Amino acid sequence: STTATVTIIYITAPTDVTLSSTAVAENATSGAAVGTLSATDADAGDTFTFALVSGTGSTDNASFTITGSTLNTAAVFDFETKNSYSVLVRVTDAGGLSFEKAFTISVTNVNEAPTNMSASASSVAENAASGTTVATLGATDIDAGETFTYTLVSGTGDTDNASFAITGSTLSTAAVFDFETKTSYTVRVRVTDAGGLSFEKALTVSVTNVNEAPTNISATASAVAENAASGTSVATMSATDVDAGDTFTYALVSGTGDTDNASFTI
């Protein structure tokens, strides 16, 4: 007879798989590392391979890759579009036994700069008092619930910054404008979000014409010969008015200097 010693080796499958991080920042480049995968296995010194596989929880596998034990992105993520992804990972040990687990990958929000600026109005009436509100300013920003500050800044389009002021989100005049002197002003405004990112834009403010009273009346002559027939033309009347192209009507009226109105007609 022969006596032999038989060693029985029990090979067990992995019992868990973990990921060192389950979040990635939005706008991170494709290929960015999300986290490192590791496995739990009763077999000491075992080695593992990791793979993305189909099954429950594999909805977003196509947006990720695995290199060695590192889970990487395979796309650029936008928090405002989608902020949660699901992948299914299989870990296989050296003996070919495996374990699968679904992971939820969160996309973290990153502050993004405003992309545009708007004004509720773009004109102001001439002769309006200094401090008159021109418009309420607003900003376009992909980050929901963002707050903004507005300032007048130097740069292209800042020609008339000194003629305006900003309080909060209100653009106001800092001068009295005259349509007949200048009809258009430009200012450069910067909007800054709560995270310190900004956008600048030049805005044009138009001055609208307001009808202004005539300032003088003149006559082509101021004398008439005695004995001239009733109805004889004395003079042609004209008016001085800052509004170009205005038309006028003339009438005799009561008041200081009307003593002889009854002796004339217009």
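How many bridges join β2 to strand β8, and do the two run parallel or antiparallel? In this predicted model, three bridges link β2 to β8 (residues 98-108), and the two strands run parallel. One place to look is Val-24, whose bridge partner in β8 is Val-107.

Now step back to the sheet around this pair. Four strands make up an open sheet in the order β2-β8-β7-β4, and the pairing is mixed. At its edges stand β2 (23-25) and β4 (48-52); each has a single partner strand, so one side of each is left without a neighbour in the sheet. From one strand to the next, the twist averages 30°.

Let's move on to a hairpin. The partner here is β14 (residues 170-173), which pairs with β13 in the antiparallel sense over four bridges. Thr-167 sits opposite Thr-170 of β14. Two residues lie between the strands of this hairpin, and Gly-168 in the turn has a positive phi of about 65°.

Finally, visit Tyr-250, in the segment after β18 (237-240). Its C-alpha atom is separated by 39 Å from that of Ser-163, 87 residues apart along the chain. Leaving aside residues up to four places away in sequence, Tyr-250 touches Met-237, Ser-238, Ala-239 and Ile-266. The side chain of Tyr-250 also reaches the backbone nitrogen of Ala-239 at 3.3 Å. Tyr-250 counts as partly exposed because its relative accessibility is 28%.

Methods:
Residues numbered from 1 in each chain as written. Predicted model: local features only at pLDDT ≥ 70, side-chain atom pairs only at ≥ 80, totals over all residues. Heavy atoms only, no water. Buried < 20%, exposed > 50% of the residue type's maximum accessible area, 1.4 Å probe, protein only. Contact = heavy atoms within 4.5 Å. Polar contact = N/O pair within 3.5 Å; in protein donor to acceptor, adjacent residues only side chain to side chain. Pairing = 2+ DSSP bridges. Axes fitted to C-alpha atoms, helices over the stretch in contact; angles between N-to-C directions.
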